[in-house]
Amino acid sequence: MPTKKTTAPLGIGLDIGTMNIVSARRQADGSVETSRVRDAFLDLDSGAKRMLKLSGVNYIDHGDDGIIVVGDAAMEMANVFGREARRPLSQGLISAGEMDALDVLGVMIKNVLGDPAAEGEACYFSVPASPVDADRDVVYHEGVFSRIVSECGFKAHASNEAMAIVYAETAKDGFSGLGISFGSGMCNLALAVSGVEGLCFSVARGGDWIDSGAAKATGSTRSRICALKEKGFDLMAPKTREEEALALYYKSLIVYCIDQTAAEFAKIKDRFALPRPIPIVVSGGTSLAGNFVEFFTEVFETKRKRFPIEVSEIRHASDPLNAVARGLLIQAMQEHDED
Amino acid sequence: MADRAAKKAVAEAAAQFQQILSQVVAPAAPAPQGDITEAVAAAVAQALQGAAIAPARPASSDIEEIIAGGPDEPLFIPSGIVKDQTESLTVSSESSTSGGLDDAANALKALRKNK
């Protein structure tokens, strides 16, 4: 396995999401480099090869079986050909039997990770917690990505997605807080006190669920709603009927996460003490909607009285799209710390 | 008179019935001697001689359980997912300041040391 010699600290974080795959690595100059690829692909006939070459789009050639366009280009090509891009992950997890998706994931992860800087360099990759509202296999998911990361030449370490937010964003709170990753396929939540994980779970609802619900409610399409959402709109002041529907589903998702947290905390409250109020840190692509934190706070205030955890503040992660990868990087760097 | 004739007819019919049964039914099991349970088992075994026994079909929920696999079932993860020659993709990269990453790493290190 080739290695890329560097004087930068060793270790790399890898966030594997339904919408994006992001890696984070320290550079020799002290900065952090993040690399991202859209977690989507599109299979086309071999006839499209010429057009793709002319437009400079990268693709995977499968000979007579056609070609596969990967990443952002897959989304663009899907619009050109009037098709839906395929997603290797569904609701945050890969399903057993998705053999096409495995090959594509191998190529995408190899590209965002690059070569290891040293033999056995640590790579912490994100794994969602088991969903409380769906029967999904997290064990297979973890096994597949552990295999892919190892085959890329790294020492693979699986780590909880929401705990990575706690590591990246709550150092000043003594690594105590409730981290919420509002992803595309699911939402992941982790409660920690002094770095000790007390509660970890996920719900099988996220940005995709919001898009579907708002599309159904307004007679629109999911891709149109998704495009509208990504273009940016203000949750606190929706202007169109579609934006109003989006705001309604956002509210419903936030209420659902708060209620599920209360229900899950009730199961552990007798054996997990919270000595002082803790912050809630929200992150993830779905949290990028305009005024998300203000909107979340407004919804939370209607629930605060009955919420079993004392909350000091609600804040956004400093880098919501990369917070998980950065939290994983912090853990990976510790593996190479000789002190 | 009629009564006697009826009784005679019943007796003749019973005799004929016995004769038919002796030709159709398998020979009787030996008379029970000793443990009654063993005797019943022997009789049942003799009665079932030559019969093909099919296992009961599992209920649909059992089938799902078999497909889903139990905790001891091996988990198949294919190897060779990442090929030696991998296509090069356009990856969007950006550099940012460490933004408290070092402080967080040091604080986490200290926390773990103290534990």
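**View 1. Lining of the largest cavity in the predicted model**. The largest cavity is lined by A:Leu178, A:Ile180, A:Ile258, A:Thr261, A:Ile280, A:Phe296, A:Phe300 and A:Phe307. Strand 9 (177-182), helix 8 (241-268) and helix 9 (292-301) of chain A each give two or more residues to this lining. By class, the lining comprises seven nonpolar, one polar and no charged residues. The volume of the largest cavity is about 30 Å³. On a 1 Å grid over the protein atoms alone, a cavity is a set of points where a 1.4 Å probe fits but cannot get out, a pocket is an open set with protein on both sides within 12 Å along at least five of seven lines, and lining residues have an atom within 4 Å of a point. Helices (H or I, at least four residues) and strands (E, at least two) are DSSP runs.

**View 2. The largest pocket**. This pocket has a volume of about 640 Å³. Its lining holds 36 residues, and those closest to the centre are A:Met19, A:Asn20, A:Gly285, A:Thr286 and A:Leu321. Helix 6 (207-218) of chain A supplies at least two lining residues; with three, helix 6 gives the most. The lining has 14 nonpolar, 14 polar and eight charged residues.

**View 3. Salt bridge between A:Asp173 and A:Arg315**. The closest N and O atoms of this pair are 2.7 Å apart (a salt bridge is a side-chain nitrogen of Lys or Arg within 4 Å of a carboxyl oxygen of Asp or Glu). The pair links distant parts of the chain, 142 residues apart: A:Asp173 is in the loop between helix 5 (161-169) and strand 9, and A:Arg315 in strand 13 (residues 311-316) of chain A. A:Asp173 is partly exposed at 22% relative accessibility, whereas A:Arg315 is buried at 12%. Buried means under 20% relative accessible area, exposed over 50%, and partly exposed in between (1.4 Å probe, protein chains only).

**View 4. Salt bridge between A:Asp337 and B:Lys109**. The N to O distance is 3.3 Å. A:Asp337 lies in the segment after helix 10 of chain A and B:Lys109 in helix 4 (residues 101-114) of chain B, so the pair joins two chains. A:Asp337 is partly exposed, with a relative accessible area of 32%.

**Notes on the model.** Residues are numbered from 1 along each chain as its sequence is written, and chains are lettered from A and ligands numbered from 1 in the order in which they are written. In this predicted model, local features need pLDDT of at least 70, side-chain atom pairs count only at pLDDT 80 or more, and totals for chains, interfaces and linings use all residues, while side-chain values use heavy atoms, with hydrogens and water left out.

Notes: Grid points are joined across faces, edges and corners, and a volume is the space filled by probe spheres set on the points. Ala, Val, Leu, Ile, Met, Phe, Trp, Tyr, Cys and Pro count as nonpolar, Asp, Glu, Lys and Arg as charged, and the others, Gly among them, as polar.
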